[in-house]
Structures are given as C-alpha cells and as structure tokens.
Amino acid sequence: MTPARPDIDVRPITEAEIPDWTRALNTGFLRSPEVSAEEVADRGTYIVPSRTLGAFDAGRCVATFRSFEQELTAVGGTPVAADAISNVTVTSTHRRRGLLTRMMAHDLAAAKERGDVVATLIAAEYPIYGRYGFGPATWTTEWTIDVPRAGLDPRWSGPEDGGRIDLVDGDEVRKLGPELHERLRRAQPGAIDRSERWWQVSTGARRLDRESWTEPFYAVYRAADGTVEGLSAYVCDGTWSDAKQPLNTATVKGLVAVTPAAERALWLHVCSIDWVVKVRSGRRAPDDLLPLVLPNPRAASITTQADWLWVRILDVVRALEARTYEGTGALVLEVADRAGGGRGGGAPPPPPPTAAFRYLVIAAGPVTH
Ligand SMILES: CC(=O)SCCNC(=O)CCNC(=O)[C@H](O)C(C)(C)COP(=O)(O)OP(=O)(O)OC[C@H]1O[C@@H](n2cnc3c(N)ncnc32)[C@H](O)[C@@H]1OP(=O)(O)O
C-alpha cells in the first residue's frame with residue numbers, strides 16, 4: 001500500500017463542486033466520465049453537500065462518498081435511524097492509500113454524533129466493508145421460473161378469492177406504491193424506507209437522457225373489499241423462436257405485497273400471461289413465498305443468492321432495545337469494537353486495538369412472530 005498522503009484533502013463538497021464530484025463518481029463506477037448539465041442539476045436536487053464527501057488532490061476530486069437519512073426496521077417492527085452510505089469510489093490512480101478509510105471514519109463519526117443507531121450500505125464487493133464493522137444483515141435470492149414446468153392451470157384467469165388484478169400506469173403506481181410500501185416495511189424486519197425520488201426514478205418519471213428506459217407493465221391486486229394489497233412491475237422481452245413459438249421472458253422489476261393472497265395472485269398473474277415461458281423474479285427475500293405458490297415449486301430455480309444490506313451498529317444499546325424478543329430473560333453480550341463506534345451513550349471509545357465492554361440486555365417484550 002502506498003503511504004497515505006495527508007495533503008489530499010478529505011472533506012464535504014460545496015455545491016459548486018458537484019460537477020467535479022460527479023465526474024469522479026462516474027469514473028470510479030466505470031461509466032463515461034462525461035457529466036451533463038442535466039445530471040448536475042438532478043444531483044443538486046437530492047444530495048446534501050454536508051453529507052457528500054470528496055477527496056481532493058491539487059483541487060481535483062479523486063474519491064467520492066455520500067450518505068443520506070434512512071430508516072431500517074428492526075425485528076419486531078420498530079424503525080431505527082440509519083446512516084445510509086452510497087456512491088463510494090476512489091479513482092484508480094489513488095487506490096489503496098487509505099482514502100476510503102478516511103472518508104468512512106469521517107462519515108461514521110458524523111452519524112454517531114447525529115445519534116444514528118446503525119449505518120447501512122449495499123456492498124459492491126464482499127471483502128471491502130467488514131474491516132469497518134459492517135456485516136451482511138439481509139440476503140437476497142433471485143429465481144428463474146420455467147413456466148411450462150410450474151404445473152399452473154392454463155385456464156387460470158385471476159384470483160379465486162374475490163380479489164382482482166388491474167393493470168395501471170406509472171402515475172397510479174406513484175399514488176398507490178408509497179403507502180403500500182410503508183405498510184410492508186413497518187412489518188418487515190430488515191426493510192428500509194423509500195423516498196419520493198425512489199418512486200419517481202423507479203417508475204421512469206425522473207430519468208437521465210443517457211439512461212435507457214422501458215416502461216414496465218404494472219399490476220395492482222385489490223382484495224374483495226377493494227383494499228390495495230399488492231403491486232408488481234414487470235417487463236417482457238418479446239422473444240419468439242424461429243419455429244414461430246412465443247418464448248417471452250418476463251422480468252419482475254418489483255413486487256410489493258402486504259398479504260399472502262396478494263403475493264400469490266401477483267406471482268400467478270405474471271406466470272400465467274400468454275407467450276411467457278420464463279419468469280425472472282428479481283431480488284426477493286430468501287424466504288419468499290414464490291416457489292411455494294407454484295404447484296411444482298421445483299420449476300423455480302435459484303439463479304442468484306447473495307448478501308444484500310450490510311449493517312454496522314453505531315449504538316449497541318439502542319439497536320438492541322429497538323428489537324423485540326421471543327421471551328423474557330437476561331443476556332450478556334461482550335462487544336469488541338476496534339473503532340469504538342458501537343458503544344452508545346456518547347462515552348469515549350475504548351483504547352485500540354480491541355477493548356471489550358459488556359452490555360446487560362434485559363428483554364421484556366411481547367412475542368412478535
Ligand atoms: C456502498 C457502495 O457505494 S459500494 C461501491 C464501492 N466502490 C467500488 O467498488 C468502486 C471500485 N473500487 C473503488 O473505488 C475502491 O477500490 C474502493 C472504494 C473499494 C476502496 O478504496 P481505497 O481508497 O483503495 O481503500 P483504502 O485504501 O482505504 O483501503 C483500506 C483497506 O481495505 C482494503 N480494500 C479496499 N478495497 C478492497 C477491495 N475491493 N477488496 C479487498 N480489499 C479492499 C485495502 O486493501 C486496505 O486494506 P488494509 O487496511 O488491510 O491495508
């Protein structure tokens with residue numbers, strides 16, 4: 001490793017530095033380094049300069065790091081404040097000189113100061129973040145369904161439970177989706193909140209010229225009493241065989257359901273569309289209902305199984321207090337945190353290299369699942 005260069009400035013950026021920072025970000029993610037005025041204007045609408053770090057070598061941005069406010073649902077359904085980390089890059093000319101380590105230390109110290117309970121991120125590569133106290137907290141699975149083998153009734157025409165499925169447009173999704181996701185994520189440990197911007201980007205209402213976009217089909221499930229309980233988005237690829245057989249793959253871009261009935265109906269819907277012979281599920285939780293709603297679950301084979309959200313506890317006491325427990329009892333945990341970041345209550349960090357400290361956790365909560 002090249003020795004760290006203290007003359008490289010690591011600090012929050014100013015608004016005027018957004019174009020240079022964006023160029024460095026695109027470079028680090030191996031996208032065209034060209035930055036359009038449109039992209040700069042778009043970033044200006046959501047990045048918070050004080051939480052957007054850059055490393056500057058002779059005035060040029062060579063590393064990027066950004067964090068934003070997030071809520072993460074703990075086991076039992078209590079949301080905790082999270083420091084969501086994103087846009088982490090170090091330009092290839094400046095790698096392995098400790099720039100990521102400096103930016104991470106800066107951001108985690110600020111998060112702790114603010115009182116965030118955890119920090120979260122989605123790791124580009126598995127080996128990067130363990131050293132900073134992160135670990136994989138949720139996992140993701142993607143299935144590919146061989147539809148002709150799924151055993152589905154070719155006469156199926158919709159839910160048998162009195163509910164109904166309607167196709168809607170992006171405007172309708174932006175109206176119905178946020179409330180639906182709120183209901184889901186408040187009941188789902190490991191789920192995070194979604195911003196208004198998230199809904200705009202994922203429904204194509206906000207997109208950059210350089211990004212390609214195919215408008216998906218959107219399906220909404222309503223229960224018999226009219227309550228919206230589920231929503232899916234999928235695209236189809238239009239493939240036909242040379243022998244004039246329809247061979248479409250439907251790729252599910254998202255499926256949010258707050259009841260098993262909605263979840264089942266939306267999967268059966270996408271698997272029952274004429275011409276579709278393969279369905280890619282998109283990223284689901286490993287314990288998703290999907291394979292079991294098929295008469296032949298073996299028709300759904302796992303194509304991706306990987307870590308997803310990584311979490312770094314910043315305040316052990318509040319993180320443990322936020323969750324509920326199966327029963328009442330006492331549990332003593334010994335926590336060793338080289339950075340001292342996991343210790344709650346604003347106490348000074350323990351001396352390096354490792355200092356263990358003990359927490360007595362008294363659990364007295366209702367059984368929640
Ligand atoms: C949440 C997100 O945004 S995920 C996206 C992460 N970004 C990318 O993957 C883009 C491409 N990669 C990069 O930009 C850079 O290589 C980074 C950001 C991953 C690392 O930045 P660097 O400044 O080189 O890291 P830094 O010098 O601080 O490294 C600290 C330690 O981590 C190790 N490390 C850094 N990156 C990696 C890696 N990809 N794989 C394994 N070890 C790594 C270093 O070897 C070093 O180890 P040491 O302390 O034992 O000597």
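Pro-12 stands opposite Leu-53 in strand S2, in a predicted model where strand S1 (residues 9-12) and S2 (residues 52-57) run antiparallel and are joined by four bridges. Strands count as paired here if DSSP finds at least two bridges between them, and the elements themselves are DSSP runs numbered from the N terminus, helices being H or I of at least four residues and strands E of at least two. Residues are numbered from 1 along each chain as its sequence is written. Because the model is predicted, local features need pLDDT of at least 70 and side-chain atom pairs count only at pLDDT 80 or more, while totals for chains, interfaces and linings use all residues.

**Strand pairing**
- S2 also pairs with strand S3 (residues 60-73), in the antiparallel sense and over six bridges, and within this pairing Gly-54 has Thr-64 in S3 as its bridge partner.
- The hairpin of S2 and S3 has two residues between the strands, and Ala-58 takes a positive phi near 50° in this hairpin.

**Ligand shell**
- The ligand is surrounded by 23 residues, of which the closest are Val-88, Val-90, Leu-100, Thr-101 and Ala-124; a residue is near a molecule if its C-beta atom, placed from the backbone, lies within 6 Å of it.
- Two or more residues of the shell come from each of strand S4 (79-90), helix H3 (99-114) and strand S5 (118-122), and S4 gives the most, with six residues.
- By residue class, the shell divides into twelve nonpolar, six polar and five charged residues, where Ala, Val, Leu, Ile, Met, Phe, Trp, Tyr, Cys and Pro count as nonpolar, Asp, Glu, Lys and Arg as charged, and the others, Gly among them, as polar.

- Leaving aside residues up to four places away in sequence, Tyr-234 touches Pro-216, Phe-217, Ala-250, Thr-251, Val-252, Lys-253 and Val-270, a contact being a pair of C-beta atoms, placed from the backbone, within 7 Å.
- Tyr-234 and Val-252 are 18 residues apart along the chain, yet their C-alpha atoms are separated by 4.2 Å.

**Confidence**
- The protein averages a pLDDT of 91, and 91% of the residues score at least 70, on a scale of predictor confidence in each residue from 0 to 100.
- Over residues 345-369 the pLDDT is below 50, and this stretch has 40 contacts in the model beyond near neighbours in sequence.
- For the complex, the predictor gives an ipTM of 0.98 and a pTM of 0.91.

Methods: Two residues are in contact if their C-beta atoms, placed from the backbone, lie within 7 Å.
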